[in-house]
Amino acid sequence: MSTENEGTAVPPAPSAPPVPVDAPAAPAPQGPYGQDAQGQAAHGEGASGGAGHPGGSSSAPDPSWPPPPPPATPSHGEGGAGSSYGDGGAGSSYGDGGAGSSYGDGGAGYGAGGWGSSYQQPAPKPGRGRSGLVVAILAAALVAGGLGGGLGYTLAKNNDETSGSTTVSASTSGGDLKRDPGTVAGVAAKALPSTVTIEAESNSGEGGTGTGFVFDKQGHIVTNNHVVAGAVDGGKLTATFPSGKKYDAEVVGHAQGYDVAVIKLKNAPSDLKPLTLGDSDKVAVGDATIAIGAPFGLSDTVTTGIISAKNRPVASSDGSGSQASYMSALQTDASINPGNSGGPLLDAQGNVIGINSAIQSTGNGGFGTGQSGSIGLGFAIPINQAEYVAQELIKTGKPVYAKIGASVSLDDSSDGAQITDQGAGGAAPVEPGGPAAKAGLKPGDVITKLDDRVIDSGPTLIGEIWTHKPGDKVTITYERGGKQQTVDVTLGSRTGDN
């Protein structure tokens with residue numbers, strides 16, 4: 001699946017239902033992908049990667065005049081909405097139904113006498129005309145009104161005689177407004193003070209907005225690499241808390257392949273409260289999620305949803321021609337838009353389970369925005385992986401990637417990750433003395449599983465390898481000459497993005 005780090009397609013707005021109008025008297029008629037196309041070592045080098053039932057009635061001649069008004073029969077039609085999704089990439093189509101209504105008024109027929117004869121209106125009978133009915137209703141209303149007023153006056157008078165005064169007041173409380181810690185409001189109230197809106201500006205003056213969250217009390221803030229990439233080489237960074245306090249910051253380290261970065265506040269306050277980190281391995285599909293960020297620059301925005309999928313292979317790019325990032329992502333339908341990048345994805349207890357990083361886009365945005373927006377498919381870097389990366393960046397300033405030491409094809413596939421015949425830049429497809437070589441893997445082998453994870457392509461393999469740490473032992477299932485084999489591989493390491 002290829003996605004944008006933040007991109008905007010807004011589905012067309014549904015048409016408004018027509019405003020009903022009076023019908024004529026006559027009846028109404030019926031009606032993650034890529035490390036290098038030539039193959040690139042599966043150890044961290046990325047490459048950049050779309051009803052109505054009209055009704056009517058007629059009445060028999062009425063001996064009185066004028067005839068009674070005809071009844072009206074309303075009818076309406078309702079539209080539907082549909083969506084479609086495809087595996088391997090995500091796409092959505094929306095159909096908005098319209099609502100329609102038609103009205104048919106019945107006609108009334110009447111006649112008297114013969115052809116050419118004159119008609120004389122009969123004198124109304126006493127007490128049986130429509131005016132008599134109106135008078136009767138009006139009288140009843142007046143009596144009821146007078147009765148109500150009389151009762152009110154009598155009650156007030158009696159009360160005055162006994163107590164001397166009457167005070168009428170409305171309730172000033174809608175109930176207890178205390179919000180429990182497990183509610184969305186409770187989680188947001190606790191987490192918001194530890195999130196920041198990041199503004200990054202390059203030397204050329206170009207800039208963007210993203211989000212980050214407090215990682216420790218020393219002033220380290222975790223965010224996405226693509227949020228701060230423009231300010232890495234001498235640019236300007238600021239971080240603003242919901243309280244309005246703004247701090248200058250600097251990049252401590254960034255990992256393009258993981259799309260994780262750490263910045264540090266200058267003159268950090270002493271009362272920082274790091275967000276509690278959860279366990280992304282224990283997250284289940286259907287768990288509630290809460291995202292905090294600055295979508296389209298709207299700081300401190302909170303949205304909610306659920307985990308809609310796990311271990312989603314994603315290759316994302318910011319569209320600037322930079323190398324892609326790979327992740328085995330947490331998928332959520334919480335609304336994530338440009339500016340949410342780097343912000344925390346929380347569970348129902350307020351623990352960070354992921355870093356919001358990418359969204360699936362349907363194309364260029366509408367309404368003049370030029371950016372893509374949420375269609376309910378957002379992707380977050382699992383916090384277990386991001387925590388390890390952040391700690392390495394704080395410690396050394398450089399990322400460390402796990403690797404198998406083999407180049408794999410990045411072509412779209414559903415069969416597995418094939419080791420290429422030639423490595424990136426003319427290098428050997430299987431690194432001499434590397435993990436893959438020691439395990440006996442050769443060019444042409446197709447890797448179909450890593451432990452219990454199905455591998456359907458090179459990017460999926462890369463994302464899964466990067467969920468591990470150097471030194472981890474994994475079991476690889478591969479096919480060679482039509483036969484399936486398994487082998488244990490101890491992952492190696494590579495430092496830096498290049």
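This is a predicted model: local features need pLDDT of at least 70, side-chain atom pairs count only at pLDDT 80 or more; totals for chains, interfaces and linings use all residues.

Modeller: Leaving out residues up to four places away in sequence, Ile 476 touches Ile 404, Leu 441, Ile 447, Lys 449, Gln 485, Thr 486, Val 487 and Val 489. Ile 476 is also listed among the residues with the most contacts inside the largest nonpolar core, together with Tyr 258, Leu 346, Ile 404, Leu 461 and Ile 465. That core has 60 residues, and its largest share, six residues, comes from helix H4. Apart from this core lies another, of 17 residues, including Ile 198, Val 227, Ala 261 and Ile 263. As a general background, nonpolar side chains tend to be buried together in soluble globular proteins.

Tyr 258 leads from the core to the aromatic rings. The structure holds five aromatic pairs. In one of them, Tyr 258 and Tyr 401 are stacked, with 4.4 Å from centre to centre and 10 degrees between the planes. This pair links distant parts of the chain: Tyr 258 lies in the loop between strand S11 (246-255) and strand S12 (260-265), Tyr 401 lies in strand S19 (residues 400-403), and the two are 143 residues apart. Tyr 258 counts as buried because its relative accessible area is 2%, and buried means under 20%. Tyr 401 is buried as well, with a relative accessible area of 0%.

Tyr 258 also pairs with Trp 466. The centres of these two rings are 5.5 Å apart and their planes stand at 55 degrees, so the pair is tilted. Trp 466 lies in the loop between helix H6 (458-465) and strand S24 (473-480), so its pairing with Tyr 258 ties together parts that are 208 residues apart in sequence. Both Tyr 258 and Trp 466 are buried. Ring pairs join Tyr 258, Tyr 326, Tyr 401 and Trp 466 into a cluster.

Helix H6 is mostly covered, for eight of its eight residues are buried. Among them are Leu 461 and Ile 465, which were named above for their contacts in the largest core.

Helix H4 (residues 383-396) deserves attention next. H4 has 14 residues and reaches 20 Å from its first C-alpha to its last, close to the 20 Å expected at 1.5 Å a residue. Its buried residues are Ile 383, Gln 385, Ala 386, Tyr 388, Val 389, Ala 390, Glu 392 and Leu 393. Glu 392 counts as buried because its relative accessibility is 16%. Leaving aside neighbours within four places in sequence, Glu 392 is in contact with Gly 397, Lys 398 and Val 400. Gly 397 follows H4 and has a positive phi, near 85 degrees.

Six strands form a closed barrel in the order S7-S8-S9-S12-S11-S10, with antiparallel pairing. The twist averages 40 degrees from one strand to the next. Strand S10 (residues 236-240) pairs with S11 in the antiparallel sense over four bridges, and Leu 237 stands opposite Ala 249 in S11. H4 packs on the sheet, where it touches strand S8 (207-214), strand S9 (220-223), S11 and S12. The direction of H4 makes about 55 degrees with that of S12.

Note on methods: Residues are numbered from 1 along each chain as its sequence is written. Side-chain values use heavy atoms; hydrogens and water are left out. Rings of Phe, Tyr and Trp (its six-membered ring) pair if their centres lie within 6.5 Å; planes under 30 degrees apart count as stacked, over 60 as edge-to-face and the rest as tilted. Buried means under 20% relative accessible area, exposed over 50%, partly exposed in between (1.4 Å probe, protein chains only). The expected span of a helix is 1.5 Å times one less than its number of residues. Two strands pair if DSSP finds at least two bridges between them. Axes are lines fitted to C-alpha atoms, for helices over the stretch in contact, and angles run from 0 to 180 degrees between N-to-C directions. Contact means heavy atoms within 4.5 Å. A nonpolar core is a set of buried Ala, Val, Leu, Ile, Met, Phe, Trp, Tyr and Cys residues joined through side-chain atoms within 4.5 Å.
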